[in-house]
Amino acid sequence: MNENTTVVSRCDATSCRFNSDRTCTAGQIEVSMTAQKAECLTFTPRSDAQGTQPSAQQ
Ligand code: SF4
């Protein structure tokens, strides 16, 4: 058992342009590990999709 997986098998950041059906297509990413969570530094918001970015609107 190796827990140091280097390939992301599943990602819930569907607003990321590299996310295809919850699969990361970036190939190589940088992840920042903190005590409680992993934060992807390669995350890039989609520019071609609408409604995926949370925004405050009234
Ligand atoms: S680049 Fe990061 S945030 Fe984007 S799909 Fe891959 S793992 Fe997720």
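The protein chain averages a pLDDT (the predictor's confidence in each residue, from 0 to 100) of 78, and 66% of the residues score at least 70. This is a predicted model, in which local features need pLDDT of at least 70 and side-chain atom pairs count only at pLDDT 80 or more, while totals for chains, interfaces and linings use all residues. Residues are numbered from 1 along each chain as its sequence is written.

**Confidence**
- Where pLDDT is low, the predicted coordinates should not be read in detail.

**Ligand surroundings**
- Cys-11, Cys-16, Asn-19, Cys-24 and Cys-40 come nearest among the 12 residues around the ligand, a residue being near a molecule if its C-beta atom, placed from the backbone, lies within 6 Å of it.
- This shell holds 10 nonpolar residues, 2 polar and no charged; Ala, Val, Leu, Ile, Met, Phe, Trp, Tyr, Cys and Pro count as nonpolar, Asp, Glu, Lys and Arg as charged, and the others, Gly among them, as polar.

**The loop between E1 and E2**
- Asp-21 lies in the loop between strand E1 (19–20) and strand E2 (23–24), and its phi is near 55 degrees, a positive value in a residue other than glycine.
- Asp-21 is exposed, as 8 other C-beta atoms lie within 10 Å; exposed denotes 12 or fewer such atoms, with C-beta atoms placed from the backbone.
- Arg-22 also belongs to the loop between E1 and E2, and has a positive phi of about 65 degrees although it is not a glycine.
- Arg-22 is exposed because it has 12 other C-beta atoms within 10 Å.
- Most residues other than glycine have a negative phi.

How values were computed
Helix = DSSP H or I, 4+ residues; strand = E, 2+ residues; numbered from the N terminus. Buried ≥ 20, exposed ≤ 12 C-beta atoms within 10 Å, placed from the backbone.
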